[in-house]
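Here are my notes on this one, for you to check against the coordinates.

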Amino acid sequence: MRIVLLGAPGAGKGTQAQFIMEKFGIPQISTGDMLRAAIKAGTPLGLKAKEVMDQGQLVSDDLIIGLVKERISQDDCAKGFLLDGFPRTIPQADAMKDAGVVVDYVLEFAVPDEEIVKRMSGRRVHPGSGRVYHLIYNPPKVEGKDDVTGDELVIRVDDEEGTVRKRLGVYHEQTAPLIDYYKQAAEAGQTRHYKVDGTQSVETVSKKLADILS
Ligand code: AP5
């Protein structure tokens, strides 16, 4: 099962990736988490990515494509994987197609921009695992602490409102064209495309995804 989660920043991709990964036993490949890990480790990739990410822009296609190709060639991806945050541009999708990677499901999350801006102010993350919470909609069991490790939760640097609005602009310009790209692929029988209303509760969205994937 090879799945692509498509949607604006904050649409709920990371939250539902956690659910799908646990329910279907396939690894989550989050390009955002991989880049943040590279930044934390101070690698050359991390140094290049940090400035771009903090400004809400996209890292270059070449860097990301190389990173994802390397990751999906690993053993744990043999039975499938869940791409969270990739592809994000038409060249990234083309590169995957050219490499012979067939996408079985494209799950599109639809959430209006203003709802996203509201959501991001309440997001808290566990940097070690990428687990995502929300102060109101998806709170941790203990305030400010990760449910699994008890570590402190943090606010992402790029969740400041001005940066979120920039990221939304980048999404509409560079990533949203992938919706038509995958709709056409679905019409040609090359994949399956489903649009999910991401404004529903976390549990309702999870149930809908489980129905689609089962
Ligand atoms: P990345 O980390 O991928 O960020 P993003 O796509 O912008 O997505 P987010 O993680 O912000 O949001 P999400 O959809 O996962 O939402 P979440 O589940 O957290 O990328 C960061 C940066 O890395 C990019 O800006 C770029 O620079 C770079 N990058 C990454 N991939 C790249 C690529 N392929 N090419 C080039 N550059 C790349 O939910 C958000 C909040 O809402 C949470 O608080 C959550 O608890 C809450 N929530 C979730 N679902 C619901 C719900 N149904 N109802 C209410 N609240 C909800």
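1. Searching the whole structure turns up 1 cavity of 30 Å³ or more. A cavity here is a set of points, on a 1 Å grid over the protein atoms alone, where a 1.4 Å probe fits but cannot get out. The largest cavity holds about 40 Å³ of space, a volume being the space filled by probe spheres set on the points.

2. Keep in mind that this is a predicted model: local features need pLDDT of at least 70, side-chain atom pairs count only at pLDDT 80 or more, and totals for chains, interfaces and linings use all residues. Residues are numbered from 1 along each chain as its sequence is written, and side-chain values use heavy atoms, with hydrogens and water left out.

3. What lines the largest cavity? Ile65, Val68, Lys69, Ile72, Phe86, Met96, Ala99 and Val101 do. By class that gives 7 nonpolar, no polar and 1 charged. Helix 4 (residues 61-72) supplies the largest share of this lining, 4 residues.

4. On to the ligand, which has 36 residues around it; Thr15, Gln57, Arg88, Arg123 and Arg167 come nearest. The shell splits into 14 nonpolar, 14 polar and 8 charged residues, and its largest share, 4 residues, comes from helix 2.

5. His134 uses a backbone N or O atom instead, 3.4 Å from an oxygen atom of the ligand. The protein covers 97% of the 1000 Å² of accessible area (Shrake-Rupley, 1.4 Å probe) that the ligand has on its own.

Terms used: Near = heavy atom within 4 Å. Polar contact = N/O pair within 3.5 Å; in protein donor to acceptor, adjacent residues only side chain to side chain. Helix = DSSP H or I, 4+ residues; strand = E, 2+ residues; numbered from the N terminus. Nonpolar A, V, L, I, M, F, W, Y, C, P; charged D, E, K, R; others polar. 1 Å grid on protein atoms, 1.4 Å probe; cavity = no way out; pocket = protein on both sides within 12 Å on 5 of 7 lines; lining within 4 Å.
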